[in-house]
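Subject: Structure handover

Dear colleague,

Please find the structure below, followed by notes on what was found in it.

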Amino acid sequence: MRLKKYTFFSLLLITLIGVFVYTQINEKYTLDIFGVPLTLPVAVWVVIPLLILYFASLFHMAFYSFKSYLHSRNLKKDFSSLIDSLYFAIFKEPKIHKYHTDEYAQVGEVTDRSEITLKALDYEFGNEKIKKAAETIKKIEDGNYVEIKDIKFSPDNPIYIKNIENKIASEPTYCGVILKKCEEFPKDLCKKALRKYIEFADLSQIKNYADLFDRDILFDLLKAAVKDENRLKISVDDILFFCQKTDMKQSDYIDLAKIVKKLLQPDERLQLFEKLKEQDEKAEAAYIYTLLDLEMVERAAEVLENSEEDEFLNFKAYLDLKNIGKNYHIELFI
């Protein structure tokens, strides 16, 4: 509309000037242009520069209008890129974006390399994409699994890990998927999946993931076996197998000796710790404990006599008290 008004009044002014000059000077003037004589009325020669100025001004306005349009379009693109940058930062998966304007580039360079933690997840965010991100984070923090397709998470992303943990909790069978692709997930997540897997899998299936075993997983397995002996009927060889895969301390072997009382017969318990002490000297204390718990006092005394003077002082004290008629429960000495 403004361009139309400008054109209308410009042409009106040029016409009035041309008419005025024509009425005042009704003559012709010849101008030699590159050797070619050109004869026109004086009024026309006056109007020509005005028309040139008019078209030049149109070009000037069109050029800067187009430049302004490009800048405005780049601002919109950069705003969209900045929203994307914030979106990825909220999911703690920062991603580098391309910016066309300095105004947004200065902010985007920071958000593209940041992880954002929203303190208020139930706030009514004005932007739909940011609102969606906040709602997704809240659902995940509340223990729900949310399928997120537009972000490729890194394996150690805390939101990604929490989301997978939520799926494990709601769909225990998904543990099998994680364990089969364990190289794609953090080891701690695989261990959590295995601890859940133990709750419903068969012993033969659990053995496939023995390399993930640690002290806690081993004891989870044994506790599960106590609760469900039909599904997890564990033998001496099974326990030996898992112990070989597990980094055990002396105190861990003692705890193992306590729990296997609920799983194995006395002769099996003795057999287990005889073999364990042969493969790991840290298991000898648990072996002595088992002997004393089974009232095999003479055999325990023989083992203690062959030990170093400063070794197993608690068990030696227990036997000394027992020899003078003081009977205490062995549990008090471990």
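Two strands are taken to pair if DSSP finds at least two bridges between them. Helices (H or I, at least four residues) and strands (E, at least two) are DSSP runs, numbered from the N terminus. This is a predicted model, in which local features need pLDDT of at least 70 and side-chain atom pairs count only at pLDDT 80 or more, while totals for chains, interfaces and linings use all residues. Residues are numbered from 1 along each chain as its sequence is written, and side-chain values use heavy atoms, with hydrogens and water left out.

Hairpin

Strand S1 (residues 28-33) runs antiparallel to strand S2 (residues 36-41), and six bridges join the pair. Within it, Leu 31 is opposite Leu 38 in S2. Two residues separate the strands of this hairpin, where Phe 34 has a positive phi near 50°.

Positive phi in loops

Two further residues belong under this heading. Lys 92, which is not a glycine, has a positive phi near 55°. Lys 92 sits in the loop between helix H2 (42-90) and helix H3 (102-111). Its relative accessible area is 17%, so Lys 92 counts as buried (under 20% relative accessible area; exposed is over 50% and partly exposed is in between, with a 1.4 Å probe and protein chains only). Phe 312 is likewise a residue other than glycine with a positive phi, here about 50°. The loop that holds Phe 312 runs between helix H14 (297-305) and helix H15 (313-323). Phe 312 has a relative accessible area of 12% and is therefore buried.

Cysteines

There is one disulfide in the structure, where a disulfide is a pair of cysteine sulfur atoms within 2.5 Å. Cys 182 and Cys 190 form this bond, with 2.0 Å between their sulfur atoms. Cys 182 and Cys 190 are both buried. Cys 175 is buried, with a relative accessible area of 0%, and Cys 243 is buried at 3%.

Pockets

The search used a 1 Å grid over the protein atoms alone: a pocket is an open set of points where a 1.4 Å probe fits, with protein on both sides within 12 Å along at least five of seven lines, and lining residues have an atom within 4 Å of a point. Grid points are joined across faces, edges and corners, and a volume is the space filled by probe spheres set on the points.

The largest pocket holds about 370 Å³ of space. Its lining has 17 residues, with Phe 153, Tyr 160, Ile 164, Tyr 174 and Phe 185 nearest the centre. Helix H5 (158-170) and helix H6 (174-180) are the elements that give two or more residues to this lining, and H5 has the largest share, four residues. By class, the lining has 11 nonpolar, two polar and four charged residues (Ala, Val, Leu, Ile, Met, Phe, Trp, Tyr, Cys and Pro count as nonpolar, Asp, Glu, Lys and Arg as charged, and the others, Gly among them, as polar).

The second largest pocket holds about 150 Å³. Among its lining residues are Ile 90, Lys 92, Ile 116, Leu 121, Glu 141 and Pro 158. Helix H4 (128-141) and H5 each give at least two residues to that lining, which divides into eight nonpolar, one polar and three charged residues.

Regards
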